[in-house]
Amino acid sequence: GSVFNQKSGIGVQFLAKWDADTFKTVKMNLAPIPRKNKKDFGSGHIGGISYYDGVIYAPVEGTDYSINFVYLYDADDLSLIKYYDVSCDKLDDGIPWIAVDGKNGFAYCSRWGSTSTLLRFRLDDMSLDGTVQLSEEISRIQGGEFYNGKLYLSKDESDSTEEKVL
């Protein structure tokens with residue numbers, strides 16, 4: 001198995017792959033965001049990533065948080081496959097996470113601040129397919145992943161060490 005990382009604690013963006021048993025570095029991509037996107041859009045923050053069928057899906061925010069991309073990387077060599085602009089009025093404060101439901105062909109994300117909806121994108125072209133209404137408003141969602149057909153979300157509690165999985 002492998003473990004992937006998207007951002008170091010010192011603010012340097014990179015992708016790294018470690019062996020899950022030995023924790024030895026297997027591969028690194030020290031410049032996963034194209035220089036042009038850094039320059040033109042301020043792209044520099046990789047949010048909570050997801051994996052499906054040999055591909056890493058990585059949400060990337062611009063400096064004003066309204067320009068958002070989903071980057072696809074080859075999970076073996078960490079090379080950039082392609083990226084999609086998913087900017088829309090519903091992601092007006094960034095794209096902090098993405099979760100792939102490969103079985104059904106969708107990816108889900110939300111805005112950073114308080115939200116009562118998740119956005120659903122088609123995996124084949126990352127076009128917005130619709131929204132999913134939540135039973136309650138949630139803020140500061142940091143990541144999500146599907147397991148056995150259910151979506152699990154992690155939440156950052158502001159000014160607290162009491163993080164949650166929903």
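**Cores, strands and contacts**

Q: Which residues touch the most other members of the largest nonpolar core?
A: In this core of 16 residues, they are Y57, V70, V86, L91, F121 and M126. This is a predicted model, where local features need pLDDT of at least 70, side-chain atom pairs count only at pLDDT 80 or more, and totals for chains, interfaces and linings use all residues. Numbering runs from 1 along each chain as its sequence is written, and side-chain values use heavy atoms, with hydrogens and water left out.

Q: What makes a set of residues a nonpolar core?
A: The members must be buried Ala, Val, Leu, Ile, Met, Phe, Trp, Tyr or Cys, joined through side-chain atoms within 4.5 Å. In soluble globular proteins, nonpolar side chains tend to be buried together.

Q: What is V86 in contact with, leaving aside its neighbours within four places in sequence?
A: Contact means heavy atoms within 4.5 Å, and on that basis V86 meets N68, F69, V70, L91, I95, F121 and M126.

Q: What makes a pair of atoms a polar contact?
A: You need N or O atoms within 3.5 Å; within protein, one must be able to donate a hydrogen and the other to accept it, and residues adjacent in sequence count only if both atoms are side-chain atoms. The side chains of D156 and R140 have one at 2.7 Å. The Q133 side chain reaches the backbone oxygen of S116 at 3.2 Å. Q133 and S116 are 17 residues apart in sequence, with their C-alpha atoms 6.1 Å apart.

Q: How do you know that β11 and β12 pair?
A: Two strands pair if DSSP finds at least two bridges between them. Strand β11 (residues 115-122) and strand β12 (residues 128-138) have six, in the antiparallel sense. T117 stands opposite Q133, while L119 faces T131. These strands form a hairpin with five residues between them, and M126 in the turn has a positive phi of about 55°.

Q: Why are β9 and β12 called edge strands?
A: The open sheet runs β9-β10-β11-β12 with antiparallel pairing, and β9 (99-101) and β12 each pair on one side only.

Q: What makes a stretch count as a helix or strand here?
A: Both are DSSP runs numbered from the N terminus: H or I over at least four residues for helices, E over at least two for strands.

Q: How much of the protein chain counts as buried?
A: Of its 166 residues, 42% do.

Terms used: Buried means under 20% relative accessible area, exposed over 50%, partly exposed in between (1.4 Å probe, protein chains only).
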